[in-house]
Amino acid sequence: MLLPHFHRQTCALSWLVIGMLGVHAAAQAQADSSPSLILRSSSLLQEIISPDARKQLPTFLESNSLTESVNQLTTLEGQVVLRRGEIFLKADQVEYDPANDFAKARGNVYINRAGNVYQGPALDLQMDAFEGFFTQPSYRLLKNNAYGNASRIDFVDPSKTVMHNANFTTCQRKPGPNWVPDWFFSGDKISTDADRHLGVVEGGSLRFKGVPILPYPEIEFPLNDERKSGLLPPSFGADNIGGLEISQPYYWSLAPNRDITFTPTYWSQRGIKLSTEFRYLEGLAPQPPFQGLMRFDYMQSDKLREDKMRWGINYAHTGLINPGYAGGGLGFTMNVNRVSDDNYWKDFSVGSTTGIQRLLSSDVGVSWTNGLITTGMRVQKWQTLQDLANVNNRITPPFDRLPQITARFQRYDLAGGFDFSLDGDFTRFSSARAIDCANAAANNTSKLFYNCAPNADRAVTWAQLSRPFLTPYGYVTPKMQLHGRSYQFEGGLPNTQFYNGRQGQTSASVAVPTFSLDAGMAFERSNRLFDRTWTQTLEPRVFYVNTPYRQQNYLPNYDSGGNSFNFASIFTENAFGGHDRISDSNLLTFGATSRFIDPDTGAEAARFGVAQRLRLKEQRVTLPDDPTAQTGLSDILAGATLNLSRSWALDSTVQYDPTTDNFRRRVVGGRYNPGPYRVINAAWRTENDASGNSVSQQLDLGWQWPLHDIWRGADSDDGLGRGLGEGRWYSVARVNVDMKTHKPVESIIGFEYDAGCWLSRTVIERQLIADGLARQRILFQLEFVGLSRLGTNAIGSLRTNVPRYQPLRQPAMPASRFGNYD
């Protein structure tokens, strides 16, 4: 322990300076021969000093006068400074007992412990144990820059603190004697435990603009990002169907890796709904990892649907059963999605992150893989939610898979550079509803073929062999494929026109070979454009595929669908997805891409692409009611992406029919993002039929923009994730408009206000559910920075729907004690 006198300290400092000058001169003289300095770690620079290390640290004392008594009590007066480790203490007078390591400070006491600052008239503290009390203190916390005062603070130990009659706020002090914070939280007793990351408030209340808005008789709150058991802030909202909406969640932390949240919700026009969400994350090494989430919603009586009971369940589980089973990983997945009735998608659609869901899949599966072989088995059932009020809005139920067994073997870079894969799939298809083939036969129409398809077993084998030839300037990849499948129909094929007189046939099989050749090259040159030097590329690509015709149109379609016509699908062998249709093809696809690249950074400033198919033979394999694809040139695909600057970006794709001079599809989008919290997104989408008649036209707009730009207000640089300054309004929106009907399909319009220590958000949502049915609701949220949020989840709606939305408060790096170091 060091107890230097002020005079001795001054002399020591003089000798230290002289010594440093001498060392510097010697270092200059030996600069060529001395080894470089080596940095070493020091426990003094750690964020948290361990108790054992703290006991070894010296205590530094400094004052205008120092008196030592016979009983070793040291009294320091006048500008007293005491320092040990992360503790820095200043006062007018300090009595220090080195035997008991006890300090008694009086007069203008100031203590900084690891960045947290306390000030007051009197402090009694046992230094090493950090036990004692502070009378009439004010304080400022490092983590969230919150501050307040109390009648007394008891330091129980280095991690536990108890504040009596305390309050705190994050509103920073403004000039003027009558200033009061916009909000503050007060409590008769506030206890904190840093080891458990837990705080407890007794007799607490929250006041906003002088009005008590939320009493807390007793509540626990976390001191870090972990959530603790207890009531969460309530939420309030309103919509045009349910009326006033009030929710009060209760969070129960079962374990650090398991929790459950109960959320009762009251709708003034519907009744009470109870939502339960259970989460778990298991499997720390060496145990296999797995995780899951289950949500269950229940209404005993919904006034909207004649007091019927309503319920919905969503459960998702994924993980490993055994990471080393038979030399590979054995996994298990489960997804359950079920609801009580067909109207569920209409009544509970707003707020869903996945949009309106009318096909609900439930499946259970196991899988095994060792990297070379992958196998799996699953059972899948569908629930189809029909529109009971509109016959024209019905959808065809998919087939259940009871079960589906898959296997895949793949090897790359075999002898000679070949790549090989072999896939197998066995599926038992079962219709989700009763099959009414009699009506289909009576109507003599193929439109009902799907409902009329029989239950069946389907076995698929798919082999691929390719040999890539790669060079620095290009590639050539020939590939051979063989796709075979067989069916066993339950009861035989039905008697309908679609099956072309094959009624009663109980089995079928087909094998389809395919040859493809994919080749491309890459050329580069230096080009100067707009007074800048660019690396311009030209990347032509040719793709040829030849698949002979095999009769398949009479076979039921269980899982095949047409691929969209885009840059990804135009260079594929099969025009369909799934296994029930393999298109006959004899076609050649040409494409080219050109890019402009900054040679200094490698950033892509522009990309242009074009592609077109030449069909040499008519495609006869089709989906039901689709025409055959004729020979000749296809539509032209063209696209461009421009990153004009850090602020501007444009992206466009067009599908042009040169025969009819018709733009079948156009997508033009752009983004303007000149700085933080300023972004405008726009997209224009059109689609025409083969005759040039408009099918759809949609305009999609989204933005986040500070309104103070209107009156040329200046931004305030408060740091990353801190907004643009206090007193700022922001407009945030996403609007999708059907330009044919001039009606919005979906809209989110909101305003945010940043008051510095609190934020407010008001959002109006509108979602078109079906023809003539739209749901609207209003969300309002108050965020008290550093404390909590009250109201509905408006910020969640903005994050989900507005592209590139930036929250006005974002988590920053954890505060360091050296950021507020004395």
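Guide: In what follows, strands are DSSP runs (E) of at least two residues, numbered from the N terminus. The model under discussion is a predicted one.

Visitor: Between which strands does Arg270 lie, and is it buried or exposed?
Guide: The residue occupies the loop between β19 (258–267) and β20 (271–282). Buried means under 20% relative accessible area. Arg270 has 0% relative accessibility, and therefore counts as buried.

Visitor: Which residue has a side chain joined to that of Arg270 by a polar contact?
Guide: Not counting residues up to four places away in sequence, Arg270 touches several residues, including Ile241, Met299, Arg310, Asp347 and Arg775. The polar contact between side chains is 2.8 Å, and the partner of Arg270 in it is Asp302.

Visitor: Is Phe530 buried or exposed?
Guide: Phe530 is found in the loop between β32 (523–529) and β33 (532–547), and its phi is positive, near 55°. Most residues other than glycine have a negative phi. Exposed means over 50% relative accessible area. Because Phe530 has 70% relative accessibility, it counts as exposed.

Visitor: What is the phi of Lys209?
Guide: Lys209 belongs to the loop between β13 (198–208) and β14 (211–222). Although Lys209 is not a glycine, its phi is positive, at about 55°.

Visitor: Which residue is joined to Pro403 by a cis peptide bond?
Guide: Pro403 forms part of strand β26 (residues 399–411). Most peptide bonds are trans. Here omega is about 0°, and the cis bond links Pro403 to Leu402.

Visitor: Which tryptophan is in contact with Trp183?
Guide: Neighbours within four places in sequence are left aside here. The contacts of Trp183 include Phe168, Leu206, Phe208, Phe784 and Leu787, and the tryptophan among them is Trp758.

Visitor: What is the volume of the second largest pocket?
Guide: Its lining has 33 residues, of which Phe565, Arg615, Ala629, Asp635 and Gln655 are the closest to the centre. Strands that each supply at least two lining residues include β37 (604–615) and β40 (648–657). The volume of this pocket is about 1,100 Å³.

How values were computed:
Residues are numbered from 1 along each chain as its sequence is written. This is a predicted model: local features need pLDDT of at least 70, side-chain atom pairs count only at pLDDT 80 or more; totals for chains, interfaces and linings use all residues. Side-chain values use heavy atoms; hydrogens and water are left out. Contact means heavy atoms within 4.5 Å. Helices (H or I, at least four residues) and strands (E, at least two) are DSSP runs, numbered from the N terminus. Buried means under 20% relative accessible area, exposed over 50%, partly exposed in between (1.4 Å probe, protein chains only). A polar contact is a pair of N or O atoms within 3.5 Å; within protein, one must be able to donate a hydrogen and the other to accept it, and residues adjacent in sequence count only if both atoms are side-chain atoms. On a 1 Å grid over the protein atoms alone, a cavity is a set of points where a 1.4 Å probe fits but cannot get out, and a pocket is an open set with protein on both sides within 12 Å along at least five of seven lines; lining residues have an atom within 4 Å of a point. Grid points are joined across faces, edges and corners, and a volume is the space filled by probe spheres set on the points.
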